[in-house]
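Here is a short note for someone opening this model for the first time. Please read the points with the structure in view.

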Amino acid sequence: HPNNTWASTLTVADLRKMWEPAAQGKITRWNHVRPEWPDRELHLFGAGVDSGTFDYFTEAIVGKEDASRGDYTSSEDDNMLVQGISGDENALGFFGYAYYEENQDKLKAVAIDGGNGPVGPSPETVRNGTYVPLSRPIFIYASLKSLERPEVKAFLDYYALHSAELVREVGYVPLSEREYALVKQRIADRPAGTMFKTHHSTSGTSLETLLGGGQ
């Protein structure tokens with residue numbers, strides 16, 4: 001909430017203390033997280049359990065996918081989360097960046113310290129991998145067999161060519177021109193498996209590195 005003057009930054013440890021299963025019924029006030037924070041109720045909002053955002057958030061923050069306290073206000077509708085947080089001075093929540101961007105006049109973004117100092121969310125910090133561990137890549141998948149079909153190959157070529165403009169329309173952060181070029185090359189080379197064989201998805205490793213264009 002914009003009137004929250006004490007929690008301008010949060011560490012991953014702070015978030016874990018709020019959201020881990022053991023916090024349920026125990027971490028219920030802001031000063032339970034940090035003693036110097038005010039003795040006010042802590043009201044949490046977040047994505048529903050069927051959401052990929054929930055899966056990623058719990059893995060990145062708690063350390064295990066789907067591990068979360070259950071006594072928070074959840075919704076699959078991010079607009080409902082925006083409404084709840086913007087109407088409650090004691091609220092904190094997580095949801096997709098696009099909904100924050102659309103409602104910056106009603107919300108306050110908290111900078112997250114993932115180990116290298118606090119970093120706020122922005123298209124730049126998401127793109128360059130410094131907003132860790134809460135920025136994540138979104139993938140589509142095609143089997144090698146399906147890529148033998150010309151219509152599937154044509155779709156992926158179109159996807160790689162036009163993604164930047166389409167992604168902006170839905171409020172996501174597009175890749176760089178260099179990264180899109182590497183995506184096109186990956187489609188052409190058709191390697192099997194994930195790019196995250198040696199890196200975890202919450203590591204902050206740049207997509208350019210994962211795509212084979214950096215060290």
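Is aspartate 39 buried, partly exposed or exposed? Aspartate 39 counts as exposed, at 51% relative accessibility. Buried means under 20% relative accessible area, exposed over 50%, and partly exposed in between (1.4 Å probe, protein chains only).

The model is predicted: local features need pLDDT of at least 70, side-chain atom pairs count only at pLDDT 80 or more, and totals for chains, interfaces and linings use all residues. Residues are numbered from 1 along each chain as its sequence is written, and side-chain values use heavy atoms, with hydrogens and water left out.

1. Salt bridges. The whole structure holds six salt bridges (a side-chain nitrogen of Lys or Arg within 4 Å of a carboxyl oxygen of Asp or Glu). Aspartate 39 joins arginine 29 in one, at 2.4 Å from N to O. This pair links distant parts of the chain, 10 residues apart: arginine 29 lies in the loop between H1 and H2, aspartate 39 in the loop between H2 and E2. Arginine 29 is partly exposed, at 26%.

2. Another pair. Arginine 40 meets glutamate 89 at 3.4 Å, N to O. Here 49 residues separate the partners. Both are partly exposed: glutamate 89 has a relative accessible area of 36%, arginine 40 one of 29%.

3. Core. The largest nonpolar core has 27 residues (buried Ala, Val, Leu, Ile, Met, Phe, Trp, Tyr and Cys residues joined through side-chain atoms within 4.5 Å). Leu10, Met18, Trp19, Trp30 and Trp37 touch the most other members. Two or more residues each come from helix H1 (12-19), helix H2 (30-33), strand E2 (43-47) and helix H3 (52-62). Helices (H or I, at least four residues) and strands (E, at least two) are DSSP runs, numbered from the N terminus. A second, separate core of 11 residues includes Leu147 and Leu211.

4. Helix H3. Its buried residues include Phe54, Phe57 and Ile61. The buried residues of H3 pack against H1 and E2. At the start of H3, a side-chain oxygen of serine 51 comes within 3.0 Å of the backbone nitrogen of threonine 53. Glycine 63 follows H3, with a positive phi near 100 degrees.

5. Serine 163. This residue sits in helix H7. Serine 163 is buried, at 5% relative accessible area. Its side chain reaches the backbone oxygen of tyrosine 159 at 2.4 Å.

Definitions and conventions: Polar contact = N/O pair within 3.5 Å; in protein donor to acceptor, adjacent residues only side chain to side chain. Contact = heavy atoms within 4.5 Å.
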